[in-house]
Amino acid sequence: MFFRQYYLECLSHASYLVGDESSGEAVVVDPQRDITGYLDDGRNANLRIVGVVNTHVHADFVSGHLELAEATGAWIGFGARARTEYPIRPLSHGDHLRLGEVDLEVLETPGHTWESISLLIRETPHADPYAVLTGDCLFIGDVGRPDPAAVGGVSAQADELARAQYRSVHSVLLALPDPVRVMPAHGAGSACGKNLSAELTSTIGEQRLRNPAVRPMTEEEFVQRVTSGQPAIPGYFGVDVLLNRQQRPVFDPDTDVEEMTGTRLFEALGAGARVLDTRDPEAFAAGHLRGAVNVGLDGRFAETAGMVLPHGEPIVVVTAGGRARECVLRLGRIGFDTVAGHFDATDGFPGEARELIESSERFTVEDFERLRDEVTVLDVRNAGEREAGAITGSRHLPLAELARRHTELPPDRPIVVYCAGGWRSSVAASLLRTHGHRDVTDLRGGFAAWQTTSRSPRPCTSPGER
């Protein structure tokens, strides 16, 4: 048997290539949108990709099922309850996908979504199970969240899905033998659960012992656990659910994007293009195009860009060091295909752009402490981070919710934004400026710097610190 896991750190996304080396047949499970790795590895192992399986309709990335189907002629499989614009192979509980001797048994595991499935892999039809690909049902260290609550669906379904998740975890997956490897679709950092581990593989037995989300508890306790305290969800999740159901254009990662001269840059800005500056926060603060949003490439770039940019509008990306193609690729993974061009600011901006360039301030902890009584302090971390400690008196708006909730901030006071380490705060501060909050700065080094330099954290308990 051929078995390989692919992991994208920036999206915390795991996908899989499973094949039978004697028959030469293979399937890809939960593929990313740029499919070159699967094609190359399949070719090198003399495997023909005959099928693509999505364990559910994904929200946090655009799946590469259409790209693989076009490139290989593969069929596309989903749980039988999935509804799509393109033909699919419906997969029901107990179905078997045979790749020569390798056997993939379909397990219906609804809860994250209604159509969610897992795949139990055996090297031969009667062998002990080798692994179970659990999608977003069972993670290492956690379980998946009920999806309608995550992407703005009917909230009443969250309770029903959570109950289905309880049964899927306890009656289906935990009923498997302890040695079976657990191989989920996501790892630490994903917004699809609260406490995902950085480990990329485990076993049923290890999860039974160590995963607090699957310890013995009543169904009511489980429902309460998975429907509360989840991280804020990026706005693009709802968009990607629709894209993954649609017969959309396929993605070509080799498509060239225009390198803009100063003149073309001004024309694009005059036509209303959004500016996404992908340089690091310090370079951005030193000088950037007015109205630009800063999301550095050296971070959770695509996910964060999806939080702060509207989908479908033309984007001009500012890069440095020749990283434009990387930027376009990573945006394409979440379905942002409207990059109109790029400008490389390695050597700065053209002289004629002088009137469009501005700088922004970043406070040190010492600067902040001198002025803290005169400013609104804004925490843009997720709720779980804040529970461990926060700057006294700070307001809380998670970054993923900031674009739609920024009007909750008082308009007549300067704002100082902080996050964990100073990367997200630069994103948030730049976003606030685009929404008309002009007196905004952020805390260099974030909460970690404040905690080290100023004082120890304390939990937020008073109404004024929520």
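The model is predicted, so local features need pLDDT of at least 70 and side-chain atom pairs count only at pLDDT 80 or more, while totals for chains, interfaces and linings use all residues. Residues are numbered from 1 along each chain as its sequence is written, and side-chain values use heavy atoms, with hydrogens and water left out. Helices (H or I, at least four residues) and strands (E, at least two) are DSSP runs, numbered from the N terminus.

**The six-strand sheet**

- Here the strand order is β1-β2-β3-β4-β5-β6, in an open sheet with mixed pairing; two strands pair if DSSP finds at least two bridges between them.
- At the edges sit β1 (2-8) and β6 (89-91), each pairing on one side only.
- From one strand to the next, the twist averages 25°; axes are lines fitted to C-alpha atoms, for helices over the stretch in contact, and angles run from 0 to 180 degrees between N-to-C directions.
- Strands β4 (residues 48-53) and β5 (residues 75-79) run parallel and are joined by three bridges, with Val52 partnered by Ile76 in β5.
- Helix α2 (residues 65-72) packs on this sheet, touching β3 (25-29), β4 and β5, and its direction makes about 155° with that of β4. Contact means heavy atoms within 4.5 Å.

**His56**

- You'll find His56 in the loop between β4 and α2.
- His56 is buried, with a relative accessible area of 1%; buried means under 20% relative accessible area, exposed over 50% and partly exposed in between (1.4 Å probe, protein chains only).
- Leaving aside residues up to four places away in sequence, His56 touches Phe78, His112, Thr113, Glu115, Ser116 and Asp136.

**Around β11**

- Strand β11 (residues 181-184) pairs with β10 (residues 131-135) in the parallel sense over four bridges, and with β12 (residues 202-203) in the antiparallel sense over two bridges.
- Arg181 turns up in both pairings: as the bridge partner of Ala131, and opposite Thr203 in β12.

**The five-strand sheet**

- This open sheet has the order β19-β23-β22-β20-β21, with parallel pairing.
- β19 (362-363) and β21 (395-396) stand at the edges with a single partner strand each, so one side of each is left without a neighbour in the sheet.
- Three bridges link β22 and β23 in the parallel sense, and Val416 stands opposite Thr441 in β23.
- Helix α15 (residues 424-434) packs on the sheet, touching β19, β20 (376-379), β22 and β23; its direction makes about 175° with that of β23.

**Helix α16**

- Gly446, Phe447 and Trp450 are buried in helix α16 (residues 446-453).
- Looking down the axis of α16, its buried residues fall within an arc of 110°, so they line one face of the helix; the arc is that of the directions from the helix axis to the C-beta atoms.
- Those buried residues of α16 pack against α12 (365-371), β22 (415-418) and β23 (440-443).

**The α10/α11 pair**

- The axes of α10 (residues 301-308) and α11 (residues 324-332) come within 9 Å and cross at roughly 65°.
- That makes α10 roughly perpendicular to α11 (angles under 35 degrees count as roughly parallel, over 145 as roughly antiparallel, 65 to 115 as roughly perpendicular and the rest as oblique).
- Phe301, Ala302 and Ala305 in α10 meet Cys327, Arg330 and Leu331 in α11.
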